[in-house]
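Morning, everyone. Please take a look at the structure on the screen.

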Amino acid sequence: MAEGKISVGAEPYDFEFDPRRTALLVIDMQRDFLEPGGFGEQLGNDVSRLRQVIPPLQRLLANMREDGYLVIHTREGHRADLSDCPPAKIARGRLSCGIGDVGPMGRVLVRGSYGHDIVDELKPLSDEAVLDKPGKGAFFATDLDLMLRNHGIESLVVTGVTTEVCVNTTVREANDRGYECLVLDDCVGSYFPEFQEYALRMIKAQGGIFGWVTGSTDLLGAMAAAGASVGGRI
Ligand code: TIU
């Protein structure tokens with residue numbers, strides 16, 4: 001293994017990463033997906049399933065912040081005039097309270113509304129990037145790729161919700177752009193247990209066709225064993 005790299009047990013095989021060239025991506029941990037009355041519940045989902053992700057993600061975030069990793073949070077949502085939201089997305093689901101409508105947490109998936117923001121437990125620090133994205137994938141119509149390249153990032157630790165929608169879409173986009181993705185199975189969540197399982201299997205199948213999967217405890221253990229602090233980003 002190259003000097004300065006950390007190796008963590010993962011599927012389909014060990015994941016090796018340079019901590020100075022690795023970022024933590026926290027995808028869409030927004031009230032609209034995690035709390036009652038938001039977009040997720042309007043879609044007919046039981047939002048309590050997603051909340052299981054919060055404690056392990058809090059621990060991971062604290063440790064990766066401590067070690068100086070680049071942390072980027074994303075939020076799915078739209079401009080107040082909905083000019084960045086395709087009419088097809090607004091119409092989808094024939095919802096009585098859909099995107100742009102006023103729900104219990106303000107306008108659904110609209111930037112600036114209470115429901116659109118990240119849950120209190122995972123509040124970004126003032127110096128962390130919060131990337132607003134109009135689509136499911138974090139690379140679509142955003143400057144994420146530019147930010148990652150400017151920081152010299154090659155590897156992504158991917159967390160957030162939901163596993164089969166925004167996490168999977170983002171991992172596929174990242175993979176096509178040459179980033180190596182490690183997805184943490186306890187830090188990504190789905191409304192559907194079967195989708196959680198298969199979304200992770202799709203990533204790691206075929207020799208890691210889209211990336212690697214492990215748990216946050218394994219990653220934190222490997223980081224601690226390596227004793228490697230990022231010690232200043234590139
Ligand atoms: N509906 C669903 O599972 N997810 C989304 O609409 N967005 C994200 O995954 N963030």
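One definition before we start: helix axes are lines fitted to C-alpha atoms over the stretch in contact, and angles run from 0 to 180 degrees between N-to-C directions. Keep in mind that this is a predicted model.

First stop, helix packing. Two packed helices are described by the angle between their axes and the distance between the axes.

Start with helix H4, residues 54-66, and helix H9, residues 216-226. Their axes come within 10 Å and cross at roughly 20 degrees. Angles under 35 degrees count as roughly parallel, so that is what we call H4 and H9. The crossing of H4 and H9 is left-handed.

Which residues meet there, in H4 and in H9? From H4, we have Pro-56, Arg-59, Leu-60, Asn-63 and Met-64. They meet Ser-216, Thr-217, Leu-219, Leu-220 and Met-223 of H9. By class, the residues of this H4 and H9 contact are six nonpolar, three polar and one charged.

Now the second pair. H7 packs with helix H8, residues 193-208, at an angle of about 10 degrees. The axes of H7 and H8 are 10 Å apart. H7 and H8 are therefore roughly parallel to each other too. On the H7 side, the contact uses Thr-163, Glu-164, Asn-168, Val-171 and Arg-172. On the H8 side, look for Phe-195, Gln-196, Ala-199, Leu-200, Met-202 and Ile-203. Sort the residues of this H7 and H8 contact by class and you get six nonpolar, three polar and two charged.

Next stop, the largest pocket. What is its volume? About 410 Å³. The largest pocket is lined by 22 residues, and the closest to its centre are Phe-39, Leu-43, Glu-76, Lys-136 and Val-165. The lining has 13 nonpolar, four polar and five charged residues. H7 comes up again here: helix H7 (163-176) and helix H5 (87-91) each supply at least two residues of that lining.

On to the backbone. Where are the cis peptide bonds I want you to see? One runs from Glu-11 to Pro-12, with omega near 10 degrees. Pro-12 sits in the loop between strand S1 (6-8) and strand S2 (15-17). Another cis peptide bond joins Val-161 and Thr-162, with omega about -15 degrees. Thr-162 is in the loop that runs between strand S8 (155-161) and H7.

Then Asp-28. Asp-28 is not a glycine, yet its phi is positive, at about 55 degrees. Find Asp-28 in the loop between strand S3 (22-27) and helix H1 (31-34).

Last stop, Phe-140. Phe-140 is in the loop between strand S7 (129-133) and helix H6 (144-150). What does Phe-140 touch, not counting residues up to four places away in sequence? Pro-134, Gly-135 and Glu-173. Compare that with Val-157. Phe-140 and Val-157 are 17 residues apart in sequence, and their C-alpha atoms are 19 Å apart in space.

That's the tour. Questions, please.

Methods: Residues are numbered from 1 along each chain as its sequence is written. This is a predicted model: local features need pLDDT of at least 70, side-chain atom pairs count only at pLDDT 80 or more; totals for chains, interfaces and linings use all residues. Side-chain values use heavy atoms; hydrogens and water are left out. On a 1 Å grid over the protein atoms alone, a cavity is a set of points where a 1.4 Å probe fits but cannot get out, and a pocket is an open set with protein on both sides within 12 Å along at least five of seven lines; lining residues have an atom within 4 Å of a point. Grid points are joined across faces, edges and corners, and a volume is the space filled by probe spheres set on the points. Helices (H or I, at least four residues) and strands (E, at least two) are DSSP runs, numbered from the N terminus. Ala, Val, Leu, Ile, Met, Phe, Trp, Tyr, Cys and Pro count as nonpolar, Asp, Glu, Lys and Arg as charged, and the others, Gly among them, as polar. Angles under 35 degrees count as roughly parallel, over 145 as roughly antiparallel, 65 to 115 as roughly perpendicular and the rest as oblique. A crossing is left-handed if the near helix is turned anticlockwise from the far one by less than a right angle, and right-handed if clockwise. Contact means heavy atoms within 4.5 Å.
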